[in-house]
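Subject: Structure handover

Hello,

Here is the structure I promised you. Please open it and keep it on screen while you read the notes below.

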Amino acid sequence: MERSFAHMKAGMLEVLMNDPSVEDNAFPPSFSREDFVGFVLDHMLVLPVQGQPNCGILLEIIRGSTYV
């Protein structure tokens, strides 16, 4: 299972690194792209368990923090 999560994180990080729309200043030294990907994946997995009908709030956080 850990290999699967590592694979997902690697893919998400690659997409994030290659997205020209992501602002350069979106990730200060105290909050790396790797930290962000871990946060997003964790919440993608937790929200359904909590009974959330969708990931709308998470999507807004992603948009607001990466496309400043």
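A quick definition before we start: contact means heavy atoms within 4.5 Å. Note too that this is a predicted model.

**Overall layout**

The chain has three helices and zero strands. Along the sequence the pattern reads α-α-α. The C-alpha trace spans about 35 × 25 × 20 Å along its principal axes.

**α1 against α2**

Which residues of α1 meet α2? They are Phe-5, Met-8, Lys-9, Met-12, Leu-13, Leu-16 and Met-17. On the α2 side, the partners are Arg-33, Glu-34, Phe-36, Val-37, Gly-38, Val-40, Leu-41, Met-44 and Leu-45. By class, the residues of this contact divide into twelve nonpolar, one polar and three charged.

Now the geometry. α1 and α2 pack at an angle of about 125°. Their axes are 9 Å apart. An angle over 145 degrees would count as roughly antiparallel.

**α2 against α3**

The axes of α2 and α3 come within 11 Å. They cross at roughly 165°. Angles over 145 degrees count as roughly antiparallel, and α2 and α3 are therefore roughly antiparallel to each other. Is the crossing left-handed or right-handed? α2 passes α3 in a left-handed crossing.

From α2, the residues that meet α3 are Phe-36, Phe-39, Val-40, His-43, Met-44 and Leu-47. From α3, they are Leu-58, Ile-61, Ile-62, Ser-65 and Thr-66. This contact has eight nonpolar, three polar and no charged residues.

Look at Phe-36, Val-40 and Met-44 in α2. They are listed in the contact with α1. They are listed in the contact with α3 too.

**The largest pocket**

The largest pocket has a volume of about 180 Å³. Which residues line the largest pocket? They are Met-12, Val-15, Leu-16, Asp-19, Val-22, Phe-36, Val-37, Val-40, Ile-62, Thr-66 and Tyr-67. The lining divides into nine nonpolar residues, one polar and one charged.

Some of these names have come up already. Met-12 and Leu-16 line the pocket, and both belong to the α1 side of the contact with α2. Ile-62 and Thr-66 line the pocket, and both meet α2 from α3.

Best wishes

Notes. Residues are numbered from 1 along each chain as its sequence is written. This is a predicted model: local features need pLDDT of at least 70, side-chain atom pairs count only at pLDDT 80 or more; totals for chains, interfaces and linings use all residues. Side-chain values use heavy atoms; hydrogens and water are left out. On a 1 Å grid over the protein atoms alone, a cavity is a set of points where a 1.4 Å probe fits but cannot get out, and a pocket is an open set with protein on both sides within 12 Å along at least five of seven lines; lining residues have an atom within 4 Å of a point. Grid points are joined across faces, edges and corners, and a volume is the space filled by probe spheres set on the points. Ala, Val, Leu, Ile, Met, Phe, Trp, Tyr, Cys and Pro count as nonpolar, Asp, Glu, Lys and Arg as charged, and the others, Gly among them, as polar. Axes are lines fitted to C-alpha atoms, for helices over the stretch in contact, and angles run from 0 to 180 degrees between N-to-C directions. Helices (H or I, at least four residues) and strands (E, at least two) are DSSP runs, numbered from the N terminus. Angles under 35 degrees count as roughly parallel, over 145 as roughly antiparallel, 65 to 115 as roughly perpendicular and the rest as oblique. A crossing is left-handed if the near helix is turned anticlockwise from the far one by less than a right angle, and right-handed if clockwise.
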